[in-house]
Amino acid sequence: MEQNEGFFHKINEGIHDMCYIWAKEMKSTVRDEGVLIFFILVPLLYPLLYSWIYNNEVVHEVPVAVVDMSNTQLSRQFIRTYDASPETKVAFRCNDLSEAKNLVEKQVVNGIIYLPEDFATNIYRMQQSHISIFCDMSLLITYKAIYLTATSVAAGLNSKIQIAAGGNYTTREDEIATQPIVHEAVQIFNPTGGYGSFIIPAVLMLIIQQTLVLGIGLSAGTARENNRYQDLIPISRHYNGLFRIVFGKTLCYFMIYAVMAAYLALVVPKLFHFTSLPDGRQLAGFMLPYLLACIFFGMFVSCIVRYRENVMLLVVFTSIPLLFLSGASWPQSSISGAWQGVSWLFPSTFGVRGYVRINSMGATLQDVQSEYQALWIQVVVYFFATCAVYRYQLIHTRRHAMERLNAIKTKAEEIKARRKMETEA
């Protein structure tokens with residue numbers, strides 16, 4: 001009976017201590033403007049801005065300069081058809097290639113179409129002719145529009161030439177000659193072929209991790225600067241108290257980001273009509289380990305980075321590399337083994353891969369089993385790593401506090417002894 005009472009007493013004490021840490025962390029979060037910005041304002045506003053920028057999904061009327069050295073009926077037909085495409089427009093007609101290159105350097109146009117002097121002559125001689133395409137590669141989405149439009153126009157022109165030279169008697173024979181196999185391209189899970197539906201889901205998951213790391217890092221930096229860790233020393237009298245500190249802080253961050261994650265994962269894609277096919281239960285089950293992994297990862301990083309300003313530099317520096325390492329904007333198969341090993345250290349790698357499949361492809365937890373298991377492994381690893389660094393930090397703080405206390409006592413005794421000597425004198 002006494003053992004049961006002692007057991008329940010420890011449970012009540014643990015819950016009380018955890019709630020104390022939760023309330024203390026929640027108060028410090030609300031009072032810190034920097035933490036509020038990264039916990040609330042950035043997750044709320046930044047996805048809206050990013051999604052609004054890419055809401056058009058595809059580009060239209062990309063300006064192109066044309067250098068027509070052939071100046072024939074066939075070259076003019078090619079230019080008219082190219083200009084009629086909704087993706088591109090012929091903004092300038094230049095006399096030579098150097099003039100067109102100057103326009104690209106001034107960023108007036110995004111590409112050049114060059115038709116040589118023998119363009120039509122070679123075709124009339126039944127020889128192969130060439131068209132040169134120069135693209136500004138600083139924006140891949142404009143390069144895609146310029147190149148694919150030119151390819152499509154050239155294919156249509158090739159078909160007409162083939163029909164004219166074929167000598168067929170019926171339209172059906174012309175269709176079979178130019179297109180013996182009818183095919184239809186269907187873009188799975190991204191019917192518009194838009195950049196927003198392609199990249200936004202990955203960015204949303206990365207925002208969760210990066211803002212969590214920023215907010216937790218700023219909160220820990222403020223606590224370290226104000227020496228607030230001394231308030232936690234009485235609770236961490238033994239090793240079990242360390243778990244209460246970690247769980248109390250985790251509860252605070254999880255409560256905030258459970259709402260933020262629901263907003264980012266469900267509301268933002270619906271607002272901008274991006275592809276969104278998630279099952280609520282499957283998505284909730286996947287987001288649980290992802291949020292916990294991000295929280296423990298942020299707490300671990302916050303103990304390693306000493307100053308709160310360094311956290312901002314670290315997050316800004318790693319955001320773009322982490323997006324590439326996740327396999328969202330660069331094929332996972334093309335990433336070297338060493339860099340893939342580095343990517344496994346970050347929850348965003350598995351979070352992005354799993355969320356994209358659940359949200360954009362309607363996958364279940366079984367379909368993303370490898371990412372799901374990897375996130376739970378990160379939860380366990382970063383939890384114990386956080387406990388280890390917190391224990392070291394609390395021991396260091398306790399030692400520092402005792403040294404200060406002993407120094408104060410020593411100084412007080414010296415002052416007392418000096419006054420006693422002055423009184424006796």
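Helices, in the sense used here, are DSSP runs of H or I with at least four residues, numbered from the N terminus. The exercises below concern a predicted model.

**Exercise 1. Find where His 273 lies and decide whether the residue is buried or exposed.**

Solution. Begin with the helices on either side: His 273 sits in the loop between α9 and α10. Next, take the cut-off, by which a residue counts as exposed when its relative accessible area is over 50%. At 69% relative accessibility, His 273 is therefore exposed. Finally, turn to the backbone, where most residues other than glycine have a negative phi. His 273, although not a glycine, has a positive phi of about 60°.

**Exercise 2. Carry out the corresponding analysis for Met 126, giving its place and its phi.**

Solution. Met 126 is found in the loop between α5 (119-124) and β4 (132-135). Its phi is positive, at about 65°, although Met 126 is not a glycine. With a relative accessible area of 64%, Met 126 counts as exposed.

**Exercise 3. Determine how many salt bridges the model holds, and describe each pair.**

Solution. The rule requires a side-chain nitrogen of Lys or Arg within 4 Å of a carboxyl oxygen of Asp or Glu. By this rule the count comes to three salt bridges.

1. Glu 25 and Lys 249 meet through their side chains at 2.7 Å, N to O. Because Glu 25 lies in helix α1 and Lys 249 in helix α9, the pair ties together parts that are 224 residues apart in sequence. Both Glu 25 and Lys 249 are buried.
2. Arg 281 and Asp 279 meet at 3.9 Å, N to O. Arg 281 is exposed, with a relative accessible area of 72%, whereas Asp 279 is partly exposed at 33%.
3. Glu 371 and Arg 357 have their closest N and O atoms 2.8 Å apart. Glu 371 lies in helix α14 and Arg 357 in helix α13, so this pair ties together parts that are 14 residues apart in sequence. Glu 371 counts as buried at 5% relative accessibility, while Arg 357, at 28%, is partly exposed.

**Exercise 4. Identify which residues touch the most other members of the largest nonpolar core, and follow the contacts of Ile 208.**

Solution. This core has 72 residues, of which Met 205, Ile 208, Leu 212 and Phe 286 touch the most other members. Several helices each supply at least two of its residues, among them α2 (33-53), α8, α9 (239-271) and α10 (280-304). Another core, of 18 residues, lies apart from it and includes Val 62, Val 66, Ala 145 and Ile 146. As for Ile 208, when its neighbours within four places in sequence are left aside, this residue is in contact with Tyr 257, Ala 261, Leu 264, Met 287, Tyr 290 and Leu 291.

Note on methods: Residues are numbered from 1 along each chain as its sequence is written. This is a predicted model: local features need pLDDT of at least 70, side-chain atom pairs count only at pLDDT 80 or more; totals for chains, interfaces and linings use all residues. Side-chain values use heavy atoms; hydrogens and water are left out. A nonpolar core is a set of buried Ala, Val, Leu, Ile, Met, Phe, Trp, Tyr and Cys residues joined through side-chain atoms within 4.5 Å. Buried means under 20% relative accessible area, exposed over 50%, partly exposed in between (1.4 Å probe, protein chains only). Contact means heavy atoms within 4.5 Å.
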